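This report describes helix packing, salt bridges and a surface patch, in that order. The sequence and structure are shown first.

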Amino acid sequence: MSREGCNILSARFGRADGHLLKTYEAEGGYRSLRMVLDGMKPDEVIEVVKESGLRGRGGAGFPTGVKWGFVPKDAEQVYFFVNADESEPGTFKDRYLLDYDPHQTIEGTIISCFAVRASLAFVYIRGEFGWLVDRVQKAVDEAYAAGYLGENILGSGYKLDMIVHKGAGAYICGEETGLINSVTGTKGQPSIKPPFPAVSGFLGKPTIVNNVETVAAVPWIMTNGASSYKQFGTEKSAGTKLWSVSGPVQNPGVYEIPLGMPFAEFYRDMLGGMVEGEELKACIVGGSSVPVLTAEEIMGCTLDYESLQEAGTMLGSGGMIIIPKSADMVELIKVLMHFYWDESCGQCTPCREGTGWLHRLVGKLLKGEAVPEDLDLLDK
């Protein structure tokens, strides 16, 4: 599969000056915002994003334009949250976006806010990403100084304020209602849906929550058009996707590829296969929440929402963890179970208590103390 022109999100990755406003503007940055504010209506922006096929890149994969369309047209106050919590083990692509190219996310957020008629945006950054809070805050300050944020943006009459909010390191705040509750000042725990945030979210007002990677794609889509974006990917999985790849491959890191690329091609041509002395055993393809695939299973997949679902797993956030034959799968699952036990928000009994029991049962397996009934109990 051709990757030509497939740097919609990653054009400035690895560059020492990529985070600066002058660099972003010199390469066409904020041109998309000017175009939108110069004559487009909010509903027209939503239609372009709908037509592009852009889906949420945080894990759920819900169509972005459709989600925006849920906001009531007569809402007096709308809020917008950029989810930069990125706490799914194996996932680190949003960190790259904010570190190397924060203005791309800021521009995408402004356009997204215009589309849903929001007047206040929050960028919610994972608590452990301390340096990114400073990086993004400086970029937001640059955007204010240049007239891209604040009152009467670019003389259009549109007003938007943006707040950079640092989380406290809770995994559950990556879930949209947990994130909203955290900013509100209550416990970072999910709320029962419905109502959905697009109808009643922050302070009881319509609220849209989108992942960093999702909004970062919006400027390119608005500049180049929905049909150009759909040239990448598949019919149902349009566009490009960032993959965070860790594990003993020759070339770990963050990659932008068109959705639908065969895993075998990605693994061979870009990751370079396994390091010397290792052999592929399994793959967690979309972050630690998704089911594991064996080497044989993943080699038959293409990297898109539908193919991975058919294989019994999910694309998720694109956090790809490569597992070698030398790894102990019981030890691996014990590490993951400890994470979910420790990070349970404690709101419901099955998760609060069940993850602890799972961790203890896997611990028995690892020590060789388990009995056959423990496997049945784990499965149940």
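Helix axes are lines fitted to C-alpha atoms over the stretch in contact, and angles between N-to-C directions run from 0 to 180 degrees. The model is predicted: local features need pLDDT of at least 70, side-chain atom pairs count only at pLDDT 80 or more, and totals for chains, interfaces and linings use all residues. Residues are numbered from 1 along each chain as its sequence is written, and side-chain values use heavy atoms, with hydrogens and water left out.

**Helix packing**

Helices (H or I, at least four residues) and strands (E, at least two) are DSSP runs numbered from the N terminus. Helix H6 (residues 102-116) packs against helix H7 (residues 130-145) at an angle of about 55 degrees, and their axes are 9 Å apart. H6 is therefore oblique to H7, given that angles under 35 degrees count as roughly parallel, over 145 as roughly antiparallel, 65 to 115 as roughly perpendicular and the rest as oblique.

**Salt bridges**

A salt bridge places a side-chain nitrogen of Lys or Arg within 4 Å of a carboxyl oxygen of Asp or Glu. The structure holds 22 of them, including the pairs tabulated here.

| Pair | N to O distance |
|---|---|
| Glu-47 and Lys-50 | 3.5 Å |
| Arg-126 and Glu-128 | 3.0 Å |
| Glu-175 and Lys-193 | 3.3 Å |

The bridge between Glu-175 and Lys-193 links distant parts of the chain, 18 residues apart: Glu-175 is in the loop between strand E3 (161-166) and helix H8 (176-184), and Lys-193 is in the loop between H8 and strand E4 (207-211). By contrast, Glu-47 and Lys-50 both belong to helix H3 and lie three residues apart, about one turn of the helix.

Residues are called buried under 20% relative accessible area, exposed over 50%, and partly exposed in between (1.4 Å probe, protein chains only). Glu-47 is partly exposed at 45%, and Lys-50 is partly exposed at 37%. Arg-126 is partly exposed at 22%, as is Glu-128 at 46%.

Salt bridges also link Arg-12, Arg-15, Asp-17, Glu-27 and Asp-101 in a network.

**Surface patch**

Phe-62, Val-66 and Phe-70 make a nonpolar surface patch of about 260 Å². Patches consist of residues with over 30% relative accessible area and no salt bridge, like charges being joined within 9 Å and nonpolar side chains (Val, Leu, Ile, Met, Phe, Trp, Tyr) within 5 Å; accessible areas come from the Shrake-Rupley method with a 1.4 Å probe, and for residues only the protein chains shown count as cover. Phe-62 lies in the loop between helix H3 (42-52) and helix H4 (64-69), and Phe-62 is partly exposed at 39%.
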